[in-house]
Amino acid sequence: MKYVNVKTGAVIETACVVKGDNWKIVEKQPKETIKKTVVKGTKKKSGE
């Protein structure tokens with residue numbers, strides 16, 4: 001799971017349970033809500 005320290009902003013990912021007043025679980029976003037970024041002008045022409 002991912003945790004964020006609300007006091008320092010540090011983010012850690014661990015399989016262990018983290019306890020403490022400053023540590024909160026980071027909720028994962030569902031795949032539908034993640035936006036895809038399209039960058040124009042990066043398409044390679046054939047033969048490159």
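Three strands make up an open sheet, lined up as E2-E1-E3 with antiparallel pairing. Strands here are DSSP runs of E with at least two residues, numbered from the N terminus, and two of them pair if DSSP finds at least two bridges between them. Keep in mind that this is a predicted model: local features need pLDDT of at least 70, side-chain atom pairs count only at pLDDT 80 or more, and totals for chains, interfaces and linings use all residues. Residues are numbered from 1 along each chain as its sequence is written, and side-chain values use heavy atoms, leaving out hydrogens and water.

- Strand E2 (11-13) and strand E3 (23-25) are the edge strands, each pairing on one side only.
- E1 and E2 run antiparallel and are joined by three bridges.
- Across that pairing, valine 4 stands opposite valine 11 in E2.

**Asparagine 5**
- You'll find asparagine 5 in strand E1 (residues 2-5).
- Asparagine 5 has a relative accessible area of 9%, so it counts as buried (under 20% relative accessible area, with a 1.4 Å probe and protein chains only).
- Setting aside neighbours within four places in sequence, asparagine 5 is in contact (heavy atoms within 4.5 Å) with Ala10, Asn22 and Trp23.

**The whole chain**
- Buried residues make up 4% of the chain's 48 residues.

Notes: Helix = DSSP H or I, 4+ residues; strand = E, 2+ residues; numbered from the N terminus. Buried < 20%, exposed > 50% of the residue type's maximum accessible area, 1.4 Å probe, protein only.
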